[in-house]
Amino acid sequence: MLIRKLKNESLMRLASYFSVGTALLLIGVKLMSFFYTHSLAILSTLMDSGLDLLASVVNLIAIQQSLVPADKNHRFGHGKAEALGGVAQGIIIASSAFFLLYETWTNIQNPRPLERFDIGLGVMLFSIVLTFILISFQRFVILKTNSVSIDADSAHYTGDILMNLGVITSMIFSYTLGLSWVDTIFAIGVAFYLIITAIKVIIKACQILMDQELSKDVRNQIKKIALQHPEITCIHDLRTRNAGLHKFIQFNAHMKKGLSLNETHEVCSLLEKEIKEAIPNSETFIHQEPSE
């Protein structure tokens, strides 16, 4: 199969393009469906598809940047551009949530009955099938490339399937039983979900911009790998940070007495390779010091 023969870089790009295309298609279909049905549940999924598009675009940019090597003006790469995009993404997500709350309040003031249940149901089923196809392809790419960005995007779309199933349930209650308040409650719930998501996105982006340390488990893993070498007596001043898809690690390593410069260099080169294998997309800087 042609897709299986593609390189990892090409697979990652193809997955990101597929994700953006899926979000655009779903936005168009749901927008037309909302005009026919006036369903707040469909409007809420339309807002979420807007979130999907933004998240997919950010992932696309992050992947493209991750494949571009560092240049003389950006020695650590361009990973923080993803964090800046995350702040903008959080602001747009929050704006979508407040717009949804405004539409919900307008509908409470001037209720509109659910129309064309058949169209709404068809759109939701179409969304579930298309999203399932996207997730299946993303899972294949993740197995091949171990991409963190695509893995996160896939998890987001998995949540969308659950949301679409909830919309179908909401529409059934509103159309068949006349319980229109179910549609309203569902829209309010999605709005608050979007607000919480926006806060999490902004906090995570700010943590990257502020060079927050990697997790304690990762730091302990680095220490364990380093101290497995008998030539290293101890390490200290371990500093780590995350910039988009890339992780940067630096520490001082005290070397066993009596080692030559070449031997010290060989040990540290091997250690850097081992850390990179254990922590993908990482770059390690080791300062060598005597055992004293």
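The structure is a predicted model, in which local features require pLDDT of at least 70 and side-chain atom pairs count only at pLDDT 80 or more, whereas totals for chains, interfaces and linings use all residues. Residues are numbered from 1 along each chain as its sequence is written, and side-chain values rest on heavy atoms, with hydrogens and water left out.

The protein contains nine helices and three strands, taken as DSSP runs numbered from the N terminus (helices H or I, at least four residues; strands E, at least two). In sequence order these elements give the pattern α-α-α-α-α-α-α-α-β-β-α-β. Of the 292 residues, 43% count as buried; buried denotes under 20% relative accessible area, exposed over 50%, and partly exposed the range in between, with a 1.4 Å probe and protein chains only. An example of a buried position is Ser 56, at 1% relative accessibility, which is found in helix H3. The C-alpha atoms of Ser 56 and Thr 22 are 9.5 Å apart in space, while the two residues are 34 residues apart in sequence.

Two salt bridges were identified, each defined as a side-chain nitrogen of Lys or Arg within 4 Å of a carboxyl oxygen of Asp or Glu. One joins Asp 211 to Arg 241, with 3.8 Å between the closest N and O atoms. This pair links distant parts of the chain, 30 residues apart: Asp 211 belongs to the loop between helix H7 (180-209) and helix H8 (216-227), and Arg 241 to strand E1 (residues 232-243). Asp 211 is partly exposed, with a relative accessible area of 34%, whereas Arg 241 is buried at 18%. The other salt bridge is formed by the side chains of Glu 213 and Arg 219, at 2.7 Å from N to O. Both partners are partly exposed, Glu 213 with a relative accessible area of 36% and Arg 219 with 21%.

Most residues other than glycine have a negative phi. Phi of Asp 211, however, is near 55°, a positive value. A positive phi near 55° is likewise found at Asp 237, which lies in strand E1 and is partly exposed at 47% relative accessibility.

Ile 133 is located in helix H5 (residues 117-145) and is partly exposed, with a relative accessible area of 44%.

Grid points are joined across faces, edges and corners, and volume is the space filled by probe spheres set on them. The second largest cavity has a volume of about 50 Å³. Eleven residues line this cavity (an atom within 4 Å of a point), with Lys 30, Asp 48, Asp 52, Asp 160 and Asn 164 nearest its centre. Helix H2 (8-37), helix H3 (40-66) and helix H6 (148-176) each give two or more residues to the lining. By class, the lining has three nonpolar, four polar and four charged residues, where Ala, Val, Leu, Ile, Met, Phe, Trp, Tyr, Cys and Pro count as nonpolar, Asp, Glu, Lys and Arg as charged, and the others, Gly among them, as polar.

How values were computed:
On a 1 Å grid over the protein atoms alone, a cavity is a set of points where a 1.4 Å probe fits but cannot get out, and a pocket is an open set with protein on both sides within 12 Å along at least five of seven lines; lining residues have an atom within 4 Å of a point.
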